[in-house]
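Let us walk through this structure one part at a time.

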Amino acid sequence: LEKNINKRRLKVCVATCNRADYSKLAPIMFGLKSHPEEFELEVVVLGSHLIDDYGNTFRMIEQDDFDIGSKLHTIVRGEDEAAMVESVGLALVKLPDVLQRLSPDILIVHGDRFDALALATAAALMNIRILHLEGGEVSGTIDDSIRHAISKLAHYHACCTRMAEQHLIAMCEDHSRILLAGCPSYDKLLSTYHRDDYMDIIKSWLGDKVKENDYIVALQHPVTTDIQHSIKIYGLMLDALISFNKRTLILFPNIDAGSKEMVRVMRKKGIEQHPNFRAVKHIPFEQFIQLLSHAGCMIGNSSCGVREAGAFGTPVINLGTRQTGRETGENVLHVRDADTHNKIYHALELQFGKRYPGSKIYGDGNAVPRILKFLSSIDLDEPLQKTFCFPPVKDTISQDIDHILETQSALAVDLGGTNLRVAIVCMQGNIVKKYTEPNPKTFEDRMHLILKMCKDAVQDAVRLNCRILGVGISTGGRVNPQEGIVLHSTKLIQEWSSVDLRTPISDALGLPVWVDNDGNCAALAERKFGHGRGVDNFVTVITGTGIGGGIIHNSELVHGSTFCAAELGHIKVSLDGPECSCGSQGCIEAFASGMALQREAKRLHDEELLKMDGMDVKLAEPITAAHLISAARKGNSKANAVLHKASLALGVGIVNILHIVNPSLVILSGVLASYYQAPVQQVMLERALFSAQSIKVVKSDLEEPALLGAASMVLDYATRRTY
């Protein structure tokens, strides 16, 4: 009791735009007014209420003894869609001052009119809570889009049917803020349509000679998404009604684009002077109920035909698509293709004079008490920001709107000294299919084979449901990635200098092409798929046949001014030392590469200093770095000395890198990575500056860094990431 005494009144603003929405809002307004201890009612009138052509219907609000706090002239005169848009704009200009002055706790908005969209937009932007009536319904025209847009802006919903409630839930609206109330107009029509004086009301509009169930009510509105067709249907309806020769009460259409043209059609056919017709701009709702409930038939496309008329069992002919999606009782006959006079006339013959069971799809007469109770339960202290209840959605592999069922993929090419490899790589870094061939020795044969393998892969991609976004190429040597040109190759790949790879491959496949060297590609692979994900600064070092790598600084690959940055294998660690493949001496590659270790293993083997007990070295078997490592692990001091020197050279080189670019991580890749990881970490602890000693050395987990790096160039660009 104390809580109710201290609770302040809820200030509720009801905004009404036209005669139709007032019939739904008026019962709520009466309910609010009858509980002054709980609610403070403010009324705002706008739209067609204030236009003489539509009956100046604001007067009936005054006759109902409601104080109108604000009247806003918001309709821009015109006959097309632009006038509707301009009317919305005009309303948005005028509403802020009114809403700011009234400062309501709740704004009640009804339905799907463009005026209501302006109201909801203004209130939402001004942080005013919105209760939307009749959301979640489906009719089949532009009204659906407006209605659903208002629902997304609204904080609370009072819907009319169970299906509408389900639609709102499907639209991710919070179920706890949805009230299944029923239509407020049913509260009035179900309690008042059994009037003793109904014939007096009918005769006052249609003349003394009219009989019950022997007249027609006609109400047709323009369909704004197909104005010309709706005008054609209107003309055909009038022709059919003239031919049917029954007393007809016809209401003027609403204010949507096309309404003026429909009125012109009506006047051209002489409807206002025709003895069978009575054309009116507005009928008070209580009297309209009597006219509708006792009519022989209603015809047109008004929502009251599928909503209110159903409560009385009045036969209805719904013309066109304006109410196609509405829930209806059995009293409604749809003539969706109302393209001839005969179709409409035949529908009149079928429906006129029938009686159907009353339907309560849209309400049971108790909507207003439910809505008032719902309003009372609103906690103004809860957060204003509405939340949406999204259902769980299964992750989709593809992000491509044009090919949503395909997997976005890249064609990756790795040009090695021995093999030429092509792979289809998907966005997650999985290799869908791989192709391997020996790398030809001549330029012509190599280019021919690259194109053939790529074309085969593109054809297979269709079967594998992969969409190829581009081609990424990893190759040894120095590369200009901006032009897609191999500038200088390694000795392992012959006839491979000053080669334009991008142009011929792009022309042949019709796909974009990216090219970079294998060391940089290894770094890109780590950045996208490996230990480098989310790391802004790291270095990748390839320890294979040669020594290479790539540097990622501030999340970008470092190329250098002449594209020879990160030639890590050619960092000098000795002033003399063994000769390197580059022609110089003392490079890391000359000490620590697979070729360098193989050279030392052969030397020890030739001197019969390599083999240890338990080692199985066949006569025809070539001596490799693996034999050197095996001998060292079995205690061969000479092999241990070679590997110690190699590890020291690599470690010192990496220390130099730490002191120049100061990465936060070092990633070792290649066949020798697992051997070098621990020794290199030890050298860093012994020789790096104190602030760099804590930097970790990790072994790459990627099995195909060159292919994955080549693919990442394509996939990162295709998904609008920078490279």
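**Strands, a helix and a cavity**

Strand β11 pairs with strand β12 (residues 316–319) in the parallel sense, over three bridges. Strands here are DSSP runs of E of at least two residues, helices are runs of H or I of at least four, and both are numbered from the N terminus. Two strands pair if DSSP finds at least two bridges between them. This is a predicted model, where local features need pLDDT of at least 70, side-chain atom pairs count only at pLDDT 80 or more, and totals for chains, interfaces and linings use all residues. Residues are numbered from 1 along each chain as its sequence is written, and side-chain values use heavy atoms, leaving out hydrogens and water.

In β12, N318 is the bridge partner of G300. Strand β8 (residues 215–219) also runs parallel to β11, joined by four bridges. There, V217 stands opposite M298.

Which way do the residues of β11 (residues 297–300) point? C297 and I299 point one way, M298 and G300 the other, and all are buried (under 20% relative accessible area with a 1.4 Å probe, protein chains only). In a regular strand, side chains alternate between the two faces of the sheet.

Now the helix. α23 (residues 637–661) has 25 residues. Just after α23, N662 takes a positive phi of about 50°.

Last, the lining of the largest cavity. α2 (19–33) supplies the largest share, six residues. α6 (142–153), α12 (285–293) and α13 (303–306) each supply at least two.

Technical notes. Buried means under 20% relative accessible area, exposed over 50%, partly exposed in between (1.4 Å probe, protein chains only). The expected span of a helix is 1.5 Å times one less than its number of residues.
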